Amino acid sequence: MEQKTERFIKKVENAFASGTVRISQFENLTNEWKQLIYFQCYQDDDAKQVHRRLNHLKLMVQWYLKQLNTQQNKNLSDFFEIMIQFISVELQGLKLKPDADKISTDIAGTPPVTMTWTANKRDLIELVSALHSAKCINCGNIKLQRLVELFETVFKIDLEYFHPELNRMALRSPLKRKGVRAYFLNSLVDSFNAKMQNFK
(Lines give C-alpha, C1' and ligand atoms only; values in the text may rest on other atoms or scores of the structure.)
Protein backbone atom coordinates (compact mmCIF):
# COMPACT_ATOMS: atom_id res chain seq x y z
CA MET A 1 0.00 0.00 0.00
CA GLU A 2 2.70 2.47 1.01
CA GLN A 3 4.71 2.27 -2.23
CA LYS A 4 1.72 2.74 -4.55
CA THR A 5 0.42 5.60 -2.41
CA GLU A 6 3.83 7.29 -2.42
CA ARG A 7 4.06 6.97 -6.21
CA PHE A 8 0.62 8.55 -6.61
CA ILE A 9 1.49 11.38 -4.21
CA LYS A 10 4.67 12.05 -6.19
CA LYS A 11 2.56 12.15 -9.35
CA VAL A 12 0.24 14.69 -7.71
CA GLU A 13 3.18 16.82 -6.59
CA ASN A 14 4.60 16.82 -10.12
CA ALA A 15 1.22 17.77 -11.57
CA PHE A 16 0.90 20.74 -9.21
CA ALA A 17 4.54 21.80 -9.54
CA SER A 18 3.60 24.54 -12.00
CA GLY A 19 0.98 25.88 -9.59
CA THR A 20 -2.00 25.23 -11.87
CA VAL A 21 -3.73 22.06 -13.04
CA ARG A 22 -6.18 21.78 -15.93
CA ILE A 23 -9.69 20.46 -15.24
CA SER A 24 -8.96 17.30 -17.25
CA GLN A 25 -5.82 16.69 -15.15
CA PHE A 26 -7.80 17.25 -11.97
CA GLU A 27 -10.47 14.76 -13.05
CA ASN A 28 -7.85 12.17 -14.03
CA LEU A 29 -6.09 12.52 -10.68
CA THR A 30 -9.30 12.22 -8.66
CA ASN A 31 -10.40 9.17 -10.66
CA GLU A 32 -7.00 7.56 -10.22
CA TRP A 33 -7.17 8.26 -6.48
CA LYS A 34 -10.61 6.64 -6.22
CA GLN A 35 -9.30 3.57 -8.04
CA LEU A 36 -6.26 3.41 -5.78
CA ILE A 37 -8.51 3.56 -2.69
CA TYR A 38 -10.61 0.71 -4.04
CA PHE A 39 -7.74 -1.57 -5.02
CA GLN A 40 -5.69 -0.86 -1.90
CA CYS A 41 -8.47 -1.08 0.69
CA TYR A 42 -11.23 -3.34 -0.61
CA GLN A 43 -9.14 -6.48 -0.96
CA ASP A 44 -11.62 -8.79 0.76
CA ASP A 45 -15.07 -8.93 2.36
CA ASP A 46 -13.90 -8.20 5.91
CA ALA A 47 -15.32 -4.80 6.89
CA LYS A 48 -12.89 -4.49 9.80
CA GLN A 49 -9.91 -4.96 7.51
CA VAL A 50 -11.32 -2.47 5.00
CA HIS A 51 -11.85 0.04 7.82
CA ARG A 52 -8.28 -0.50 9.03
CA ARG A 53 -6.80 -0.02 5.55
CA LEU A 54 -8.85 3.11 4.91
CA ASN A 55 -7.69 4.65 8.18
CA HIS A 56 -4.10 3.69 7.45
CA LEU A 57 -4.32 5.34 4.02
CA LYS A 58 -5.90 8.43 5.56
CA LEU A 59 -3.10 8.76 8.12
CA MET A 60 -0.51 8.49 5.35
CA VAL A 61 -2.05 11.34 3.36
CA GLN A 62 -2.48 13.46 6.49
CA TRP A 63 1.19 12.96 7.28
CA TYR A 64 2.20 14.07 3.77
CA LEU A 65 -0.08 17.09 4.08
CA LYS A 66 1.67 18.17 7.27
CA GLN A 67 5.02 18.08 5.47
CA LEU A 68 3.82 20.55 2.85
CA ASN A 69 4.59 24.23 2.82
CA THR A 70 0.97 25.33 2.35
CA GLN A 71 2.00 28.91 1.65
CA GLN A 72 4.17 27.77 -1.23
CA ASN A 73 1.54 25.66 -3.01
CA LYS A 74 -1.99 26.18 -1.72
CA ASN A 75 -3.55 24.25 -4.62
CA LEU A 76 -1.51 21.17 -3.80
CA SER A 77 -2.53 21.23 -0.14
CA ASP A 78 -6.17 21.68 -1.20
CA PHE A 79 -5.90 18.56 -3.35
CA PHE A 80 -4.49 16.60 -0.41
CA GLU A 81 -7.54 17.71 1.57
CA ILE A 82 -9.75 16.37 -1.23
CA MET A 83 -7.88 13.06 -1.12
CA ILE A 84 -8.53 12.84 2.61
CA GLN A 85 -12.19 13.72 2.06
CA PHE A 86 -12.58 10.82 -0.39
CA ILE A 87 -11.36 8.41 2.30
CA SER A 88 -13.66 10.00 4.90
CA VAL A 89 -16.64 9.40 2.59
CA GLU A 90 -15.65 5.74 2.26
CA LEU A 91 -15.38 5.40 6.04
CA GLN A 92 -18.83 6.94 6.46
CA GLY A 93 -20.18 4.57 3.83
CA LEU A 94 -18.99 1.59 5.87
CA LYS A 95 -21.10 2.74 8.81
CA LEU A 96 -24.22 2.92 6.62
CA LYS A 97 -23.98 -0.67 5.43
CA PRO A 98 -26.64 -2.93 7.01
CA ASP A 99 -24.12 -5.74 7.46
CA ALA A 100 -21.18 -4.00 9.12
CA ASP A 101 -19.13 -7.16 9.51
CA LYS A 102 -19.11 -8.12 5.84
CA ILE A 103 -18.64 -6.25 2.58
CA SER A 104 -19.46 -8.19 -0.56
CA THR A 105 -17.85 -7.02 -3.79
CA ASP A 106 -19.29 -9.97 -5.71
CA ILE A 107 -22.32 -9.95 -7.98
CA ALA A 108 -25.48 -9.22 -5.97
CA GLY A 109 -27.21 -12.36 -4.78
CA THR A 110 -24.16 -14.61 -5.05
CA PRO A 111 -21.99 -15.70 -2.13
CA PRO A 112 -18.47 -14.23 -2.04
CA VAL A 113 -15.88 -16.52 -3.56
CA THR A 114 -12.21 -16.56 -2.62
CA MET A 115 -9.99 -17.23 -5.61
CA THR A 116 -6.28 -17.89 -5.32
CA TRP A 117 -3.75 -17.94 -8.14
CA THR A 118 -1.90 -21.22 -7.59
CA ALA A 119 0.56 -21.05 -10.50
CA ASN A 120 3.56 -18.74 -10.17
CA LYS A 121 3.44 -14.97 -10.60
CA ARG A 122 5.39 -15.10 -13.85
CA ASP A 123 2.64 -17.21 -15.41
CA LEU A 124 -0.03 -14.71 -14.38
CA ILE A 125 2.00 -11.82 -15.77
CA GLU A 126 2.32 -13.67 -19.07
CA LEU A 127 -1.45 -14.29 -19.17
CA VAL A 128 -2.38 -10.69 -18.32
CA SER A 129 0.07 -9.33 -20.89
CA ALA A 130 -1.34 -11.66 -23.55
CA LEU A 131 -4.93 -10.56 -22.81
CA HIS A 132 -3.83 -6.95 -23.08
CA SER A 133 -1.87 -7.51 -26.32
CA ALA A 134 -4.82 -9.32 -27.92
CA LYS A 135 -7.23 -6.53 -26.82
CA CYS A 136 -9.50 -9.07 -25.17
CA ILE A 137 -10.78 -6.64 -22.52
CA ASN A 138 -12.56 -3.38 -23.38
CA CYS A 139 -11.38 -3.84 -26.98
CA GLY A 140 -7.90 -2.96 -25.72
CA ASN A 141 -9.04 0.38 -24.26
CA ILE A 142 -7.45 -0.30 -20.90
CA LYS A 143 -3.90 0.34 -19.73
CA LEU A 144 -1.75 -2.66 -18.90
CA GLN A 145 -1.13 -1.23 -15.41
CA ARG A 146 -4.87 -1.03 -14.79
CA LEU A 147 -5.35 -4.60 -15.98
CA VAL A 148 -2.55 -5.83 -13.73
CA GLU A 149 -4.16 -4.07 -10.74
CA LEU A 150 -7.47 -5.75 -11.55
CA PHE A 151 -5.89 -9.22 -11.44
CA GLU A 152 -4.01 -8.27 -8.27
CA THR A 153 -7.34 -7.50 -6.63
CA VAL A 154 -9.13 -10.61 -7.88
CA PHE A 155 -6.40 -12.99 -6.75
CA LYS A 156 -5.03 -10.91 -3.84
CA ILE A 157 -1.53 -11.10 -5.26
CA ASP A 158 1.29 -8.57 -5.69
CA LEU A 159 2.47 -8.10 -9.28
CA GLU A 160 4.29 -4.83 -8.65
CA TYR A 161 7.39 -5.90 -10.60
CA PHE A 162 5.57 -7.03 -13.74
CA HIS A 163 7.53 -4.66 -16.04
CA PRO A 164 10.97 -6.17 -15.25
CA GLU A 165 9.43 -9.63 -15.57
CA LEU A 166 8.09 -8.78 -19.04
CA ASN A 167 11.59 -7.66 -20.01
CA ARG A 168 12.98 -11.00 -18.87
CA MET A 169 10.31 -12.81 -20.90
CA ALA A 170 11.38 -10.90 -23.99
CA LEU A 171 14.91 -12.23 -23.48
CA ARG A 172 13.79 -15.84 -23.09
CA SER A 173 15.10 -18.50 -25.41
CA PRO A 174 12.18 -19.48 -27.67
CA LEU A 175 10.71 -22.94 -27.19
CA LYS A 176 12.57 -25.18 -29.65
CA ARG A 177 9.55 -27.11 -30.84
CA LYS A 178 7.42 -24.01 -31.42
CA GLY A 179 9.79 -21.05 -31.64
CA VAL A 180 7.79 -18.90 -29.23
CA ARG A 181 8.45 -17.29 -25.85
CA ALA A 182 4.98 -17.83 -24.33
CA TYR A 183 5.92 -20.72 -22.06
CA PHE A 184 2.81 -20.62 -19.88
CA LEU A 185 0.36 -19.93 -22.70
CA ASN A 186 1.74 -22.88 -24.63
CA SER A 187 1.30 -25.11 -21.61
CA LEU A 188 -2.34 -23.94 -21.48
CA VAL A 189 -2.78 -24.91 -25.13
CA ASP A 190 -1.33 -28.35 -24.43
CA SER A 191 -3.58 -28.83 -21.39
CA PHE A 192 -6.67 -27.70 -23.28
CA ASN A 193 -5.94 -29.92 -26.28
CA ALA A 194 -5.40 -32.90 -23.97
CA LYS A 195 -8.74 -32.23 -22.30
CA MET A 196 -10.53 -31.92 -25.64
CA GLN A 197 -9.23 -35.36 -26.58
CA ASN A 198 -11.33 -36.78 -23.76
CA PHE A 199 -14.48 -35.27 -25.21
CA LYS A 200 -14.25 -37.32 -28.41
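**How do we know? Questions about a predicted model**

Visitor: Why is Lys10 called partly exposed?
Guide: Lys10 has a relative accessible area of 46%. Buried means under 20% and exposed means over 50%, so a value in between is called partly exposed. Keep in mind that this is a predicted model.

Visitor: What makes Lys10 and Glu13 a salt bridge?
Guide: Their closest N and O atoms are 3.4 Å apart. The cut-off is 4 Å between a side-chain nitrogen of Lys or Arg and a carboxyl oxygen of Asp or Glu, so the pair qualifies. Both residues sit in helix H1, three residues apart, which means about one helical turn separates them. Glu13 is partly exposed too, at 24% relative accessibility.

Visitor: And how do you know that Glu165 is buried?
Guide: Its relative accessibility is 10%. Arg168, at 48%, counts as partly exposed.

Visitor: What joins Arg168 and Glu165?
Guide: A salt bridge, with the closest N and O atoms 3.0 Å apart. These two are three residues apart in helix H7, so about one helical turn lies between them. Arg122 also belongs to a salt-bridge network with Glu165 and Arg168. The whole structure holds six salt bridges.

Visitor: Why say that Arg7 and Glu160 link distant parts of the chain?
Guide: They are 153 residues apart: Arg7 is in helix H1, while Glu160 is in the loop between H6 and helix H7. Still, their closest N and O atoms are 3.0 Å apart, so they count as a salt bridge under the 4 Å limit.

Visitor: What makes a group of residues a nonpolar core?
Guide: The members must be buried nonpolar residues joined through side-chain atoms within 4.5 Å. The largest one here has 25 residues, and Trp33, Leu54, Phe80, Met83 and Ile87 are those with the most contacts inside it. H4 gives the largest share of this core, eight residues. Apart from it lies another core, of 17 residues, including Leu124 and Phe155.

Visitor: Which residues does Ile87 touch?
Guide: Leaving out residues up to four places away in sequence, Ile87 touches Trp33, Ile37, Leu54, Leu57, Lys58 and Val61.

Visitor: How is the lining of the largest pocket made up?
Guide: It divides into six nonpolar, five polar and nine charged residues. The pocket has about 680 Å³ of space, and Lys11, Glu32, Gln35, Gln145 and Glu149 are the lining residues closest to its centre. Helix H2 supplies the largest share of the lining, seven residues.

Terms used:
Residues numbered from 1 in each chain as written. Predicted model: local features only at pLDDT ≥ 70, side-chain atom pairs only at ≥ 80, totals over all residues. Heavy atoms only, no water. 1 Å grid on protein atoms, 1.4 Å probe; cavity = no way out; pocket = protein on both sides within 12 Å on 5 of 7 lines; lining within 4 Å. Points joined across faces, edges and corners; volume = space filled by probe spheres on them. Helix = DSSP H or I, 4+ residues; strand = E, 2+ residues; numbered from the N terminus. Nonpolar A, V, L, I, M, F, W, Y, C, P; charged D, E, K, R; others polar. Buried < 20%, exposed > 50% of the residue type's maximum accessible area, 1.4 Å probe, protein only. Contact = heavy atoms within 4.5 Å.
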